[in-house]
Amino acid sequence: MLYFIFTVDGDWKEYFNVNLPEDERVPRTGIMQSLIEQEIEVSRRNLNGKFIHFIHTSARARTFFLNESFTGYWRQIIENDGDIGIHCHEDDPYKAYYFHDISRMRDVISKQVTILRRHGLSVCAYRSGWLAFSSDLIPVLEENGLCFDFSCEPERYLVDGQNLVSDWRGAPTSLYRMSYHDHRKTGDSRVFEIPIGVSGGRYLYFEKSDARTIEEAAYNLKAESAKTGRDIIVSVLTHSYEYASLDDIRSIEEKISLLKKYGYFINIKELKNRVESSKKK
Ligand SMILES: [Zn+2]
């Protein structure tokens, strides 16, 4: 069987635009609220509410999404059978990347999950900005009860200037339990990785892939699962800024309907059940 977990990274476009003055690179409450409302509607109409919204936590919006203008949405997503996660952007886009500064990552991650849990919001999913990762982050995720990581895009190798940002060369292409020694290998840590779906260089990364590419990847993944008799569990990636226009939303819904021909969308609870049942086998 083929299973998908639909995800939305809570980014806004201006964050990445280095040509804008600093005061224009921060998120706007009203705009972000309407984007998130669209995400919730799309998930309700197409996914029985099952998706993960990854809350952006960068220094430009450290606690912006943790106040009462947004916590109601996070509660609503969970009540609808969806989930929330945190999306840590410890970077200044195209200038600096702090993902390998583990004490900084530990500080940000523990503060974010503490505030969310204080609001009564459960959180166990994580994704880094730029899909950055290092094995040293695994114990930090464990300490904070974040047992599902979504930062893997298999074969991604991102270097910006002197900075190695993201290295997923050789990583598995379906759910795996990470090794403490190498995040790209299976092992015995308590963190499970759910890679972005990929087949033959075609990624379930909506912004980068047209409908045909998405369908070809899904077709191949289903065929691979049937051939091997093994479940394939992967994630599907979109961003909040992709929910800005009706045309964009229509395109997202078209891609979701294509994916539904080949696999099932599940939430974190169902993901946990699948992990448990695979342990018993
Ligand atoms: Zn991001």
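A residue is termed buried here if 20 or more other C-beta atoms lie within 10 Å of its own. The views that follow are taken from a predicted model.

**View A. Helix H5 and its buried side.** Ile214, Ala217, Ala218 and Leu221 are the buried residues of helix H5. These residues lie on the same side of H5, because they cover an arc of only 95 degrees around the axis. An α-helix has 3.6 residues a turn, so residues three or four places apart point the same way. The helix comprises residues 211-228, and its 18 residues reach 26 Å from the first C-alpha to the last, close to the 26 Å expected at 1.5 Å a residue.

View B. On the face turned away from the buried side, H5 carries the exposed residues Arg212, Ala226 and Lys227. Glycine 229 follows the helix and has a positive phi, near 70 degrees.

View C. Six of the six residues of S3 are buried, so the strand is largely enclosed by the rest of the structure. Asp83, Gly85 and His87 are buried on one side, and Ile84, Ile86 and Cys88 on the other. In a regular strand the side chains alternate between the two faces of the sheet. S3 pairs in the parallel sense with strand S2 (residues 52-56) over five bridges, and isoleucine 52 has aspartate 83 of S3 as its bridge partner. S3 also pairs in the parallel sense with strand S6 (residues 125-128), over four bridges; here glycine 85 stands opposite alanine 125 of S6. Together with helix H2 (residues 68-79), S2 and S3 make a right-handed β-α-β unit.

**View D. Isoleucine 86 within strand S3.** Isoleucine 86 belongs to strand S3, which spans residues 83-88. This residue counts as buried because it has 22 C-beta neighbours inside 10 Å. Leaving aside residues up to four places away in sequence, isoleucine 86 touches Phe54, Ile55, Thr57, Ile109, Gln112, Val113, Val123 and Tyr126. A separation of 13 Å lies between the C-alpha atoms of isoleucine 86 and valine 140, which are 54 residues apart along the chain.

**View E. Helix H3 and its two sides.** Met105, Val108, Ile109, Gln112, Val113 and Leu116 are the buried residues of helix H3. Seen down the axis of H3, they fall within an arc of 115 degrees and therefore line one face of the helix. The covering of these buried residues includes S3 and helix H4 (137-143). On the other side of H3, Ser103, Thr114 and Arg118 are exposed. The helix (residues 102-118) has 17 residues and reaches 24 Å between its first and last C-alpha, close to the 24 Å expected at 1.5 Å a residue. H3 is followed by glycine 120, whose phi is positive, near 80 degrees.

**View F. Tyrosine 180 in its loop.** Tyrosine 180 is placed in the loop between strand S10 (176-177) and strand S11 (192-193). Because it has 16 C-beta neighbours inside 10 Å, tyrosine 180 counts as partly exposed. Apart from residues up to four places away in sequence, tyrosine 180 touches Ser135, Ile138, Gly187 and Ser189. Tyrosine 180 and proline 139 are 7.9 Å apart in space, C-alpha to C-alpha, and 41 residues apart in sequence.

Conventions:
Residues are numbered from 1 along each chain as its sequence is written. A residue is buried if 20 or more other C-beta atoms lie within 10 Å of its own, exposed if 12 or fewer, and partly exposed in between; C-beta atoms are placed from the backbone. Two residues are in contact if their C-beta atoms, placed from the backbone, lie within 7 Å. The expected span of a helix is 1.5 Å times one less than its number of residues. The arc is that of the directions from the helix axis to the C-beta atoms. Two strands pair if DSSP finds at least two bridges between them. A crossover is right-handed if, with the strands pointing away from the viewer, the path from the first strand over the helix to the second runs clockwise.
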